[in-house]
Amino acid sequence: MEIQWPLVLFSLTAGTGGSLFAFVGLSEFLGGSAKVRDAGAVCSLALIVIGGCFSVLHLASPLHAISAVTNLLSFSGISIELMLLGACFIVMAAYLAVRKRSSSDVAAKALAVAGIVFGLMLGFFCGHGYVIEAQPTWNTETLPFAYLGTSLACGAFLFGVLGAIKGDGTELGGRSAVASLVAVAIAVVGMVAYVMHVGFAAASAQALVFWGGIVAVGIVATLIIAVVGMTGAAKASPLALSSAGLACAAVGGIALRALMWLCATGYIDLFSHTVPSVMLNY
């Protein structure tokens, strides 16, 4: 099956934006630089918007986006994604407004909690919309879990990049490296679980994507970088290490999503061949 690249980029970009904001919210409670939180919130907001633009590219005609918006209460996979995109955008914008124009610590922490919840939900539900019986290789809850894990790893390393640029080494109370390792571990478990569902033979048939993108880069290289981040060697070049981790995590996330499409058993681009309202369960 042909890889739907706009959807691949949408899910990883938007999921990374949501996950990044989850780390921003976590920083409100564990401590860290205010400059990093502000930069993280702005970056999260930008990723959400960019992700939404990628999603529209898949709609054959941008006008179909209107049908999706007007049918939000269908609670289809697309409508849930749109609702979460909107919720994340509102919470992130409100958080930035509070940080810039108010000194209310309570309001900032309340929005941080909402951002953590909605941000993680976005990463999960970007994959959950594909869990359908008609696609045996997609019909598993390990798929959205893998989507969330790979987005979480990207968000963790991106938070590390911002911390290296604008921070003072106190991000997440000095536990930023631990958070990155936990995020990578979740991503690895998710990827392995999904590959086990697809089947080793089917995954191996896509050698470059599986052995190269997922195993070599997404799992092995990303894990090595996360572990090195826990050692004293990380202090020498934290920006380079976090950037390398982000690049490897992104490759792994893209490869996982590409494998999902390549191992599918047949697909019709419903946006191009059917009435959008039918696709949206109306």
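Leu26, Phe29, Leu30, Val113, Val117 and Met121 together make a nonpolar surface patch of about 460 Å², where a patch joins nonpolar side chains (Val, Leu, Ile, Met, Phe, Trp, Tyr) within 5 Å, or like charges within 9 Å, among residues with over 30% relative accessible area and no salt bridge. A salt bridge here is a side-chain nitrogen of Lys or Arg within 4 Å of a carboxyl oxygen of Asp or Glu, and accessible areas come from the Shrake-Rupley method with a 1.4 Å probe, with only the protein chains shown counting as cover for residues. Helix H1 (5-30) and helix H5 (105-128) are the elements that give two or more residues to this nonpolar patch; helices are DSSP runs (H or I, at least four residues), numbered from the N terminus.

This is a predicted model, in which local features need pLDDT of at least 70 and side-chain atom pairs count only at pLDDT 80 or more, while totals for chains, interfaces and linings use all residues. Residues are numbered from 1 along each chain as its sequence is written, and side-chain values use heavy atoms, with hydrogens and water left out.

Methionine 121, a member of the patch, belongs to helix H5 and has a relative accessible area of 30%, so it is partly exposed, the class between buried (under 20%) and exposed (over 50%). Phenylalanine 29, also in the patch, has the charged end of lysine 109 over its ring, 5.7 Å from the centre; such a charge is NZ of Lys or CZ of Arg within 6 Å of the ring centre and within 35 degrees of the ring normal.

Turning to the aromatic residues, the structure holds 10 aromatic pairs, each with ring centres of Phe, Tyr or Trp (its six-membered ring) within 6.5 Å and classed as stacked if the planes are under 30 degrees apart, edge-to-face if over 60, and tilted otherwise. The rings of phenylalanine 200 and phenylalanine 210 are edge-to-face because their planes meet at 85°, with the centres 5.9 Å apart. This pair links phenylalanine 200 in helix H8 (residues 200-204) with phenylalanine 210 in helix H9 (residues 207-228), 10 residues apart. Phenylalanine 200 is exposed at 52% relative accessibility, whereas phenylalanine 210 is buried at 5%.

Valine 215, in helix H9, is in contact with Phe210 and Val220 when neighbours within four places in sequence are left aside, contact meaning heavy atoms within 4.5 Å.

Elsewhere, Tyr130, Trp138, Tyr147 and Trp261 form one aromatic cluster, and arginine 257 lies over the face of tyrosine 147, at 4.1 Å from the ring centre.

Technical notes
Buried means under 20% relative accessible area, exposed over 50%, partly exposed in between (1.4 Å probe, protein chains only).
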